[in-house]
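Please have the sequence and the model at hand while reading.

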Amino acid sequence: MDDLMLNQFLLLSAILFSTGVYGVLAKRNAVIVLMSIELILNAVNINLVAFGAHNGTIAGSVFALFVIAVAAAEVGVGLAMVLVIYRNRKSVDLDEVAQMKG
Amino acid sequence: MLAVLAQVSDFVAPNIDFHAFGPELALVGALVAVLVVDVIKPDGNNPFLSSIAGLGVLGALIPVITLATDGADRFLFDGAYVVDNFSLVLKALFLVSGYVVILMSTNYIAEGDYAEGEYYILLLSSLIGMTLMASARDLITVFIALELLSIPAYMLAGWRKRDLIGNEAGVKYYLMGVFASAVLLYGMSLLFGVAGDTRLTEIGQAIAGGAGETALITLAIVFVVVGFAFKVSAVPFHTWAPDVYEGAPTPITAFLAVASKAAGFVALLQVIYLAFPGRDDVIQPLMWVLAAATMTIGNLIALRQTNVVRLLAYSGVAQAGFILAPLSVASELSLQAVITYLVIYAAMNLGAFAAVIGIARKTRSAEITSFGGLFEYAPGLTVILSLFLFSLAGIPPLGGWLAKFVVFRALADANTASGYVMGAIVAVNSVIALYYYANVAREMWMKPVPDGDRSPVVVPFSIGAALALTVVATMAFGVSNLATRLGDQATFLAF
């Protein structure tokens, strides 16, 4: 893969990463925050596969496979937690999950 | 793409050295045993579960000892997984800390109304992640170890699932944790792109001495450090710590404050000393600012805490600053200082939490005022908790002073202006910390009992054993050179 092609992939990845960071910091709905974290992880995957193809090594694709598998495990735990909160509060608004202070 | 796929056909299955995986295999065995026993006898309290978990963790120490007496460094999977003295010292630290946490959990979890089996399974899988982390010398291995130790910890933090405070602890830890690891991964992907290899030493060679694109490398280093700074609760990534510590079951709080934090430092040491050694110009100022902010802000907020667990949380933030301080000069001596500090910190902080668990069995609260007049009805626990608090403050001859001493020695040895200024900041912060530690001691020794209830505190055997272990370790580390010798052993990172 030549440099110009690589730059396009890196740009796409940077845009996805920034969108994800904005979503995590600005959105208050727990499910949307989880989706934003997925956006960041997919930005990482694009980076890894593009760099791997650019450098001619398979390590990038292997790393991306690991990231995909771990992301699935993480989201499983995250949705379970959101479900528990919904059962106890009937809402998934993160601003309301703030009893402890100091 | 075809060129990449062509590499697949060259694949040869690597030779696996099972002795090198001994500790992890023993932990997996214990995990499966807990699972099977829990399935066979699912309901009610099962006293075997904690015993199996505890014996499994002690059993995992045996291969650590045989590997240490064997002495040879072992390199697996092209150097992605290394068993050397550094990793063995830290595996032993994680396993002993895990054993003490299991001792603290035995009564605490059995008396709660949540399932015991899952608790020990999650605790053991988090421990497996930590022992893997000590040997990880490759970006993929570091990432997998980090997630293996974090994901069970998220669930343990939210363990009290019908309690709103427990939910809050779990979801805060989870969201901030996955956000930090996502940022860390983005940094790792940039590092992989610059170096073209995932092994830490190869990355170190590729980016040393101004090679590669400086802006991109700086961004990658900052992202990677941010990811681990969350794990070690460094300011400004510490905001989860107090709430999670308060909402999680107290033995898990101790686990997060000691073992999980140590794992974050291990990962940080590995990337700093193997992947970024040629980039001191980026790492040293970054560590300087992180360390100074972490200890100062942690201490100042700790001053106005009224709950012992939250106080220990902010004191843990401040202690993380002390541990980061020697990395601001990043020499061989500072690697030894960090390991020594982690070993001593584990003993005294686990002890402090064990004492708080023991006392809270009677007071039913962790408010500092509820500890008033403790000396009148629980003199033993009062003396022990005071001992740990003064050790955390760094009063000789308890272990904590040696930890502070090695930090000062590493900073002075660098003989630079920034090193001396950092030393002065550490000194001022040690004095501030003494105030809030002594404040808890004053409440216990001098104040009257708040509700007049002077019935003695019943300490169960397992908490007594945890206290005995940590007291002996804290005293021994203060008067002998045991901890610094462990630190010396660990200074050589093989690659």
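Phe63(A) is buried, because 26 other C-beta atoms lie within 10 Å; a residue counts as buried if 20 or more other C-beta atoms lie within 10 Å of its own, as exposed if 12 or fewer, and as partly exposed in between, with C-beta atoms placed from the backbone. This is a predicted model, in which local features need pLDDT of at least 70 and side-chain atom pairs count only at pLDDT 80 or more, while totals for chains, interfaces and linings use all residues. Residues are numbered from 1 along each chain as its sequence is written, and chains are lettered from A and ligands numbered from 1 in the order in which they are written.

**Phe63(A) and its surroundings**

- Phe63(A) belongs to helix α3 of chain A; helices (H or I, at least four residues) and strands (E, at least two) are DSSP runs, numbered from the N terminus.
- Leaving aside residues up to four places away in sequence, Phe63(A) touches Leu48(A), Leu139(B), Ile140(B), Phe192(B) and Thr198(B); two residues are in contact if their C-beta atoms, placed from the backbone, lie within 7 Å.
- From C-alpha to C-alpha, Phe63(A) and Val75(A) are 18 Å apart in space, and they are 12 residues apart in sequence.

**Chain A**

- Chain A has three helices and zero strands, and its elements follow the order α-α-α from the N terminus on.
- The radius of gyration of chain A is 17 Å, whereas a compact globule of 102 residues would have one near 13 Å; this radius is taken over C-alpha atoms, and the globule rule is 2.2 Å times the number of residues to the power 0.38.
- Taken along the principal axes, the C-alpha atoms of chain A fill a box of roughly 50 × 25 × 25 Å.
- Buried residues make up 34% of the 102 residues of chain A.
- In chain A, 46% of the contacts between residues at least 6 apart in sequence join residues at least 24 apart.

**Contact between the chains**

- The contact between the chains involves 34 residues of chain A and 40 residues of chain B.
- On the side of chain A that touches chain B, two or more residues each come from α1 (3-26), α2 (30-55) and α3 (59-89) of chain A.
- Helix α3(A) gives the largest share of that side, 14 residues.
- That side of chain A divides into 24 nonpolar, nine polar and one charged residue; Ala, Val, Leu, Ile, Met, Phe, Trp, Tyr, Cys and Pro count as nonpolar, Asp, Glu, Lys and Arg as charged, and the others, Gly among them, as polar.

**Chain B as a whole**

- Chain B holds 20 helices and two strands.
- Its radius of gyration is 22 Å, close to the 23 Å that the globule rule gives for 495 residues, so chain B is as compact as a globular protein of that length.
- The C-alpha trace of chain B spans about 75 × 60 × 45 Å along its principal axes.
- Of the 495 residues of chain B, 60% are buried.

**Helix packing in chain B**

- Helices α5 (residues 116-135) and α11 (residues 250-275) of chain B pack at an angle of about 20°, with their axes 9 Å apart; axes are lines fitted to C-alpha atoms, for helices over the stretch in contact, and angles run from 0 to 180 degrees between N-to-C directions.
- Helices α5(B) and α11(B) are therefore roughly parallel to each other; angles under 35 degrees count as roughly parallel, over 145 as roughly antiparallel, 65 to 115 as roughly perpendicular and the rest as oblique.
- In this contact, Met130(B), Met133(B) and Ala134(B) of α5(B) meet Ala259(B), Ala263(B), Val266(B) and Ala267(B) of α11(B).
- The residues of the contact of α5(B) with α11(B) comprise seven nonpolar, no polar and no charged.
- Helices α16 (residues 379-393) and α19 (residues 461-479) of chain B pack at an angle of about 40°, with their axes 11 Å apart, which makes α16(B) oblique to α19(B).

**Backbone features in chain B**

- The peptide bond from Val235(B) to Pro236(B) is cis, with omega near 5°, and Pro236(B) lies in the loop between α9 (214-231) and α10 (240-247) of chain B.
- Phe77(B), although not a glycine, has a positive phi of about 50°; with 15 C-beta neighbours inside 10 Å, Phe77(B) counts as partly exposed.
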